[in-house]
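Please look through the model shown below before reading on.

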Amino acid sequence: MSERLVQLRIKRQAAPNAPATWEDFTIPYKPGMNVISAMMDIAANPVTQDGKTTTPIAYDSNCLEEICGSCAMLINGKAKMACSALVDNLEQPITVEPLSKFPLVRDLQVDRSVLFENLKKVKAWVPVDGTYDLGSGPHVTPQKQEEAYPLSNCISCTICMQVCPQFNEGTGFVGAAAISQVALFNDHPTGKVLKDERLHALMGDGGIHECGYSQNCVESCPKGIPLTRSISRVAGQVMVLAIKDLFTT
Ligand code: SF4
Ligand code: FES
């Protein structure tokens, strides 16, 4: 019986200003393999389909269980987490490219620090720093916990930003992930102390009004986060605060 094989076409680029090329690989199939494990096999024997020795592919990954958020890339043209993209579910040759909306570092590695800057911009945290005993936290009802839990599942993968037509240099849009974290922390009994600051951060350029409700984010989020619901909730909060501002400034 002939050996079952897997074919991959991987975009290579040694540096941000180097020319991009494609390399084809054919590797032995293993049950349950995913795109990251396929690239590990290539790294163990970095030889292209036509016999040329090449370098192992550079990519980010860590947890291998869709938790760390680092392995987002374009797989057969769609933004996916490479560690949960099973070869069995993909048409071959499997094309693998870096996310296109973030600065390229090398091969499949991109710099996604814009998300972390946006999270800082909207103060996506509960302010509990202090050197004194803060005592026990406020009571959070089971109903509130259930509402908050899905939003806390964000893994900062940036897929919602990659697929958003409004996330581009022209708009500077903060993106669905940061807005959803505003929804999460504005609803937290301690986190809401920064509610107005978060909402003001979303009023200016690149703020929530840039959202065009394409819904690509909610359809693509690997964690199934109800992003459009978060955006609607935060848009309502921004509007109420903007009206309040009119009468107080
Ligand atoms: S909201 Fe979903 S798609 Fe966006 S960064 Fe978080 S996990 Fe990824
Ligand atoms: S390696 Fe952590 S999400 Fe894929």
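**From a loop residue to the helix packing**

Ser70 has a relative accessibility of 16%, and because residues under 20% are classed as buried, Ser70 counts as buried. The model in which this value was computed is a predicted one. Ser70 belongs to the loop that runs between α1 (35-44) and β3 (72-75), and, when its neighbours within four places in sequence are set aside, Ser70 is in contact with Asp60, Ser61, Asn62, Met81 and Arg112.

The loop between α1 and β3 also holds Leu64, which, at 41% relative accessibility, counts as partly exposed.

The protein has 8 helices and 7 strands, and its C-alpha atoms fill a box of roughly 75 × 40 × 35 Å when the box is taken along the principal axes. Of the 249 residues in the protein, 41% are buried. Among the contacts between residues at least 6 apart in sequence, 63% join residues that are at least 24 apart.

Which residues of α5 are buried? In this helix, which spans residues 176-186, 11 of the 11 residues are buried, and α5 is thus described as mostly covered. The buried residues are Ala176, Ala177, Ala178, Ile179, Ser180, Gln181, Val182, Ala183, Leu184, Phe185 and Asn186. What covers them includes α2 (113-121), α3, α4 (159-162), α6, α7 (216-220) and α8 (227-248), and two of these helices, α3 and α8, can be followed in detail.

Two packed helices are described by the angle between their axes and the distance between the axes. For α3 (residues 142-152) and α5, the axes come within 9 Å and cross at roughly 150°. Angles over 145 degrees count as roughly antiparallel, and α3 and α5 are therefore roughly antiparallel to each other. Their crossing is left-handed. On the α3 side the contact is made by Ala148, Leu151 and Ser152, and on the α5 side by Ser180, Gln181, Ala183 and Leu184. Sorted by class, this contact of α3 with α5 has 4 nonpolar residues, 3 polar residues and no charged residues.

The axes of α5 and α8 come within 8 Å and cross at roughly 65°, which makes α5 roughly perpendicular to α8. Here too α5 passes its partner, α8, in a left-handed crossing. From α5 the contact draws on Ala176, Ile179, Ser180, Val182, Ala183 and Asn186, while α8 contributes Leu227, Ser230, Ile231, Arg233, Val234 and Gln237. By class, the contact of α5 with α8 has 7 nonpolar, 4 polar and 1 charged residues. An α-helix has 3.6 residues a turn, so residues three or four places apart point the same way. The reader may wish to keep that in mind when going through the α5 residues in this contact, among them Ala176, Ile179 and Ala183.

The next stop is Arg198, which is placed in helix α6 (residues 195-201). Is the side of the scale on which Arg198 falls buried or exposed? Its relative accessibility is 0%, and Arg198 therefore counts as buried. Leaving aside neighbours within four places in sequence, Arg198 is in contact with Val122, Lys123, Trp125, Val182, Phe185, Asn186, Gly191 and Lys192; of these, Val182, Phe185 and Asn186 are buried residues of α5. Two backbone oxygens lie by polar atoms of the Arg198 side chain, that of Lys123 at 2.7 Å and that of Gly191 at 2.9 Å. The C-alpha atoms of Arg198 and Val234 are separated by 9.8 Å, although these residues are 36 apart along the chain.

Lys123, whose backbone oxygen lies 2.7 Å from a polar atom of the Arg198 side chain, is found in the loop between α2 and α3. At 26% relative accessibility, Lys123 counts as partly exposed, whereas Arg198 counts as buried. The phi of Lys123 is near 50°, which is a positive value in a residue other than glycine.

Terms used:
Residues numbered from 1 in each chain as written. Chains lettered and ligands numbered in written order. Predicted model: local features only at pLDDT ≥ 70, side-chain atom pairs only at ≥ 80, totals over all residues. Heavy atoms only, no water. Axes fitted to C-alpha atoms, helices over the stretch in contact; angles between N-to-C directions. Helix = DSSP H or I, 4+ residues; strand = E, 2+ residues; numbered from the N terminus. Parallel < 35°, antiparallel > 145°, perpendicular 65-115°, else oblique. Left-handed = near helix turned anticlockwise from the far one by under 90°. Contact = heavy atoms within 4.5 Å. Nonpolar A, V, L, I, M, F, W, Y, C, P; charged D, E, K, R; others polar. Buried < 20%, exposed > 50% of the residue type's maximum accessible area, 1.4 Å probe, protein only. Polar contact = N/O pair within 3.5 Å; in protein donor to acceptor, adjacent residues only side chain to side chain.
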